[in-house]
Amino acid sequence: MPRNVYEDDEDVALSMSPLIDCVFLLLIFFLVTTMLKKDLRDVEHLNLPISRSSLEVPPDESVLAIAIDAEGGIYLEGEETTIGQLLEELKVIEQDDPERRIRLDTDESTPFYRLVEVLDALSFRNLRNVGVRTYHEKFD
Amino acid sequence: MAANPLTSHKPLVIALVLSLILVGGFATALILDEDLRRYTIAQIEEITNEEGEKVKRVKIEKPEPNEKQVREISRNQERKKREELKEKAKELRETVFEIEEVVEAQKKLKELPETEWDRIAQQAQDLAEAAKEFNEHLQAIDAPANLETAEPEAESLEELVEEYAELINEMKDSAVTEEDAKKASLAARNLRNKANSFQSKFDLATSQSPTEDKAAATELRDEFRELAQQINEHYKEMAEFEKSDHMLQIMPEPETEETDLTELQLDDQLGVELTAPIGEETPLGNELLTDDQLEELNTAELYQEIQKMSEMVDEAFAEGKATELAQEKGMSLEQARDEVYKPESDKGPDLGNALSQNNPSTREEFQQFNEALKDATKAAEQMSRSAANRKSALTGESGKQGNQGQSSGDLQAQLAQKNEIQAKMNLLAQNAGRGQGNVQDMRGLMAENYSLNGGGLNGGGQHEGQAASMSYQTDMSQNALPSKVRLDAKRTLAQAIPGRRLDMNSKRQGWIFLDTWYVIGPWQRPKRKDSFAVKFPPETLIDLDATYEGKMSRYRKERMELKWRFVQTENIRINPPDEINDAVYYGYTEVFCEAATEVTVAVASDDMAKLWINDLVVYEDSGLSGWQMDEGFRTILLKPGYNKVLIRLENGPVVCFFSVLMCPTEALRN
């Protein structure tokens, strides 16, 4: 009969290394599987103005994204649209949810009159929950 | 001895077996399933970095769905979108039907000549009748005795007119050729000469008649003068017609008449059911699909059907506007169709091919198909919306509340009433000849018009909760309005505030001026006295995205491209962005009211202006006058929700601007 080698071993302990292995494995798993969701409604060729005073707001799916590019073209939820269509759309939104958050993305060189026009349309439709999106090094 | 748990081999064996089973299972699965074999967690790709070194890096990809899954997903997607498209198709179908019903009713309201020739024939018939009447009067016993000598000649003239009318009406039944037109024109000239020579003789005879017959003779003379003038005018039109190219057009078959009759009968029998068409013809003879037929269509066909219906809406809209124009100016439908502005709605991209093959095998194909689906629903949404806009522009109704359950008779009565209201409003709107500061009360007429429209109460579908039957009459205070108002220009200039929303509870009650406008122009100002009679596209339909051809540019020698431009000022007076001489501009804006509000509007302009509120003419000031803030006041009624305001501004020489001020009448009284 073989002699039990562990018989005299006094301190039986769990080794830490497999535990750490497991933790690393889990960590790698989450790193690999996590996907950063891209905002599909973003307009790609927009060069947001830089601002130091901007606040970080948590991303919100329900926010309505209106973008104006450098040529004055208007985008609603990432899709090109016209001012006439936007006015119609805002009428619908006013009826459905007047408190809806609205995000205005503008280019650095968007004509200012265009911004005023859109802001005025929003205010005329009584949509007051409007924010302007800017670029801040800390957050982006 | 009991096995020491630490030395026992049992757990090891179990673990080995378990892992063997797992690995074996996985291996079998790999052998059996191809998709699993292809499954990638990550890819190693080789890229060149900035320093030109080749670097390997792990690229992690989302698992690629297999072919079956992709197809399943895209089929589901399609099913969902098809339901949306079907909804839109049904909406559009309803709109097509409603618009065409209104157009049909409009046409029946007043018998309009289809072609120019029809109109001329109608005139000839009228002439014959007038000639006959005149002869009867002449031959009456109490006619002056000395005029009896004129009788034979008058009779021969009557015969001639009758022959002429017959000739023209005969030609009407077949295509009018150039020869026919020449012949007719010759006959008309002959007629005119006869009439003129008779007139001079008759004038002489009446002047020589004895005093006791003088009155009767003068009456007869005037009657004939009128007739002669009509004949002269008719000849002029005939000559014009001969020169024009109308006669080269082949006459349309009189088929339309027949469908009218059957439709009329259908209308009477079915009444309500007609508004929910069951796959039959529309009043204008377009084929629409039934619900079942729509169910059977595939996505591509559905989309094409929607495009087709959008086209029908455009056609019906143009036809309706042409009818309006023809009625207003007494021209033939044919000519009105030529003259009327026909706006075309955006039909969306052609997606027939992309939509018809839903069998994607790769990711790219799937994405393309998805994109096409998305575009299709978006375009359908747009088309349905612009169709609804056209409907409301044509009928003055807004939103989805249509004229459900109305027979064509009701519709006609309604249209007739509406025309009457509009005619009355046109009269009240005139500012020429009325003193500065005059006040016209239009509340009653506008209230009548709004309640006629029914659905129009809820401006733009706003405040759906309000009872549609709300009576505007009760809103109106009975106190009489002052007949004249003076406005202290300086004070008003200082105190008026900009705005477009009228809030009853607001503390700031007083004059507000509309500060935000969409302005378009310039068009060439018509060189005629009644320049407002020449209409430009915004009067037909307001489409802020449209572009038009405007006035000829003096420098570039080509027509200017016109777009709506956003104008907002701090100033009461609004300038078009680039004013030039001899031009027509339009301004469009909306005013929001929480409830039906009585408002007094002060319109002032340099030079001429015409104001529409909710498609009703409210103010019309012709003449090249300067700007006076209190040129004229109109007390009107605004409906709850959004109210459309359109102004037409005409510039003679030098500067031009306009101002529109509003004040709740209640505040004006206090």
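Reader: How much space lies in the largest cavity?

Author: Bear in mind that this is a predicted model, where local features need pLDDT of at least 70, side-chain atom pairs need 80 or more, and totals for chains, interfaces and linings use all residues. Residues count from 1 along each chain as written, chains are lettered from A and ligands numbered from 1 in written order, and side-chain values use heavy atoms, without hydrogens and water. A cavity is a set of points on a 1 Å grid over the protein atoms alone where a 1.4 Å probe fits but cannot get out; points join across faces, edges and corners, and the volume is what probe spheres set on them fill. For the largest cavity that gives about 120 Å³.

Reader: Which element gives the most to its lining?

Author: Lining residues have an atom within 4 Å of a point, and 14 of them line this cavity, with Leu87(A), Phe124(A), Arg125(A), Arg500(B) and Tyr518(B) closest to its centre. Helices (H or I, at least four residues) and strands (E, at least two) are DSSP runs numbered from the N terminus. With four residues, the top contributor is α3(A).

Reader: Why is β17(B) largely enclosed by the rest of the structure?

Author: Buried means under 20% relative accessible area with a 1.4 Å probe, protein chains only. One side of β17(B) has Phe657(B), Ser659(B), Leu661(B) and Cys663(B), the other Phe658(B), Val660(B), Met662(B) and Pro664(B), all buried. The strand is largely enclosed because the number of its eight residues that are buried is eight.

Terms used: 1 Å grid on protein atoms, 1.4 Å probe; cavity = no way out; pocket = protein on both sides within 12 Å on 5 of 7 lines; lining within 4 Å. Buried < 20%, exposed > 50% of the residue type's maximum accessible area, 1.4 Å probe, protein only.
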